[in-house]
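Please look at the sequence and the structure together before reading on. The notes below are meant to be followed with both in view, one topic at a time.

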Amino acid sequence: MLQPFHLHEPATVDEASGILRRLGDEARIYAGGTELLLAMKQGLLRYPHLVNIKRIPLEGISFDETAGRLRIGATTTHRAVERSEVVGGRFPMLASMERHLANVRVRAVGTIGGNLSFAEPHSDLASVLLLYNATATIGGGSGRRTAGIPDLVVDAYTTTLAADELLIEVEVPALPRGAGAAYRKFAFFERPSVGVGAVLVPSAAGDTVEEARVAVGCVGPAPRRVADAETALKGAPLRGTAFERATAEAAAAVRRACDPVDDLYGSAEYKRHLAGVFTQRALVAARDHVAAGGSG
Amino acid sequence: MIRPAGAAEIGDASVETVAIEAEINRRRVRAAVPTHRTLLDFLRDGLSLTAAKRACDVQVCGACTVLVDGLPVSACTYLAFEINGKTVETCEGLARDGALHPIQQAFVDAGALQCGYCTPGMIMITKALLADHPRPSVQQIKDYLHGNLCRCTGYKKILDAVLAAAETE
């Protein structure tokens with residue numbers, strides 16, 4: 001049962017920031033509400049004030065072709081990202097992840113900014129943005145600043161956003177030409193218990209891995225890139241037993257790094273095993289994507 | 001004009017209300033809703049529109065699915081004040097002049113319900129699906145309906161009903 005709260009509807013980032021500064025812990029930003037209202041209904045969180053930021057023009061998707069950068073405003077819904085032509089064409093891993101996020105109702109209401117700011121550990125979005133080396137633009141407080149995803153989402157339900165700051169947009173650089181990318185997850189119902197993504201950038205000759213990116217999320221408190229897995233893949237051939245060996249090594253690195261927790265979705269041991277399996281599947285899918293021409 | 005019931009709280013000075021005006025099932029509705037009132041409570045208790053059901057209450061099961069400006073939402077976790085200036089459709093608004101909507105008729109013809117509790121949500125999500133994909137593939141149907149649970153587990157006939165509705169709509 002939701003408890004009564006006072007509603008604030010600022011029209012600008014500065015106005016929102018001022019309200020948040022004044023009310024401190026008494027207030028929380030409200031956008032789609034798909035995470036926040038759930039937690040408030042269950043009595044896990046209680047805020048006497050909600051600050052609805054949907055009157056601030058923070059919604060929209062644009063792509064700068066020259067810079068190769070996608071911008072997604074904080075109050076853009078998952079549905080808008082899922083159905084965006086430019087996202088589908090240039091960022092197919094992001095589009096595919098969005099198509100499979102939660103359910104169609106959550107996607108119609110839930111926002112990109114809310115997902116990142118709430119930092120629910122089972123978020124697919126943060127893992128995928130990590131793979132694109134995305135950055136977040138943060139406003140309010142003492143002015144604008146940018147932060148990489150690892151410097152924004154730091155722990156379960158924990159970000160580096162100050163009390164009077166809010167997310168403005170995320171900027172997503174396109175992957176290098178020819179890159180293959182894939183995200184694989186394992187989920188009961190809505191919340192994935194394991195999510196692993198991989199990006200493989202082929203060399204100029206197209207037969208080896210120039211750059212590899214591997215991220216694992218949902219298993220532990222916050223998603224993370226796995227440097228040991230990326231090192232194991234760098235320079236590896238894209239096919240044959242050498243590729244299989246490199247993916248096995250990468251999977252072992254992800255199993256070591258993934259920091260799983262026991263919960264109702266599975267034991268830590270089980271999730272660790274799955275993280276390895278899904279690493280190999282994501283890598284094979286990314287490799288196949290390279291073979292099919294790649295990019296995104 | 002429908003005047004919602006259950007306005008007792010509105011006199012309570014500690015409860016903040018928002019004045020809203022919306023179109024619900026083709027009728028204008030004006031109301032002062034408490035900020036924390038969910039759309040599901042507003043529809044069921046305020047307007048006696050009880051097609052949308054409360055089941056999981058955590059936007060997983062789809063029994064409370066209604067359309068807001070054509071998009072499906074979980075009314076259980078959606079604040080009523082958000083419908084201000086918008087259009088809301090519930091299962092009650094589908095039939096016209098005593099004739100069932102083609103989706104409703106398809107569910108009846110296919111026998112796509114057992115206890116019926118999930119059915120209004122299934123029908124509304126089907127309406128959203130057919131608006132996005134008038135000729136959906138089986139995979140597209142599954143993508144939209146996987147967030148709507150039937151505890152009687154009669155999914156096969158629901159799938160048949162959606163396919164039939166796509167033919168007749």
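What follows is a briefing on a predicted model, arranged by topic. According to the domain assignment, chain A contains domain 1 (6-52), domain 2 (61-173) and domain 3 (180-291), while chain B contains domain 1 (8-93) and domain 2 (102-168).

**Domains and their spacing**

- In chain A, the C-alpha centres of domain 1 and domain 3 are 36 Å apart.
- In chain B, the C-alpha centres of domain 1 and domain 2 lie 23 Å apart, and 15 residues of domain 1 of chain B are in contact with 13 residues of domain 2 of chain B.
- On the side of domain 1 of chain B that touches domain 2 of chain B, β3 (65-68) and β4 of chain B each supply at least two residues, and β3(B) gives the most, with 3 residues.
- The residues on that side of domain 1 of chain B divide into 11 nonpolar, 3 polar and 1 charged.

**An open sheet in chain A**

- Three strands of chain A form an open sheet in the order β1-β3-β2, and their pairing is parallel.
- The strands β1 (6-8) and β2 (27-30) of chain A stand at the edges with a single partner strand each, so one side of each is left without a neighbour in the sheet.
- From one strand to the next, the twist of this sheet averages 30°.
- The strands β1(A) and β3 (residues 49-52) of chain A run parallel and are joined by 3 bridges, with L7(A) standing opposite L50(A) in β3(A).
- Helix α1 (residues 13-23) of chain A packs on the sheet and touches β1, β2 and β3 of chain A, while its direction makes about 165° with that of β3(A).

**Hairpins around β13 of chain A**

- Strand β12 (residues 191-202) of chain A and β13(A) run antiparallel and are joined by 8 bridges; the bridge partner of G195(A) in β13(A) is G217(A).
- These two strands, β12(A) and β13(A), form a hairpin with 6 residues between them, and G206(A) in the turn has a positive phi of about 85°.
- Strand β13(A) also pairs in the antiparallel sense with strand β14 (residues 224-225) of chain A, over 2 bridges, and here A215(A) stands opposite R225(A) in β14(A).
- The hairpin formed by β13(A) and β14(A) has 6 residues between its strands, and C218(A) in the turn has a positive phi of about 75°.
- Is strand β13 (residues 209-217) of chain A enclosed by the rest of the structure or left open? Because 7 of its 9 residues are buried, β13(A) is largely enclosed by the rest of the structure.

- Although F188(A) and Y265(A) are 77 residues apart along the chain, their C-alpha atoms are separated by 7.4 Å.
- Helix α8 (residues 124-131) of chain A is mostly covered, with 8 of its 8 residues buried; among them are D124(A), S127(A) and L129(A).
- The helix α8(A) is followed by N133(A), whose phi is positive, near 55°.

**The nonpolar core**

- In soluble globular proteins, nonpolar side chains tend to be buried together.
- The largest nonpolar core of this model has 143 residues, of which L129(A), V199(A), A250(A), V254(A), L39(B) and A75(B) touch the most other members.
- Helix α11 (residues 268-291) of chain A provides the largest share of this core, 7 residues.
- Leaving aside residues up to four places away in sequence, A75(B) touches T38(B), L39(B), L40(B), L43(B), A52(B), C64(B) and V66(B).

**Where the two chains meet**

- Between the chains, 26 residues of chain B are in contact with 19 residues of chain A.
- On the side of chain B that touches chain A, the elements giving two or more residues are β4 (71-74) and α3 (119-132) of chain B, and the largest share, 4 residues, comes from β4(B).
- The residues on this side of chain B divide into 13 nonpolar, 11 polar and 2 charged.

Key: Residues numbered from 1 in each chain as written. Chains lettered and ligands numbered in written order. Predicted model: local features only at pLDDT ≥ 70, side-chain atom pairs only at ≥ 80, totals over all residues. Pairing = 2+ DSSP bridges. Axes fitted to C-alpha atoms, helices over the stretch in contact; angles between N-to-C directions. Contact = placed C-beta atoms within 7 Å. Nonpolar A, V, L, I, M, F, W, Y, C, P; charged D, E, K, R; others polar. Domains from an automatic or database assignment. Buried ≥ 20, exposed ≤ 12 C-beta atoms within 10 Å, placed from the backbone. Core = buried A, V, L, I, M, F, W, Y, C linked by C-beta atoms within 7 Å.
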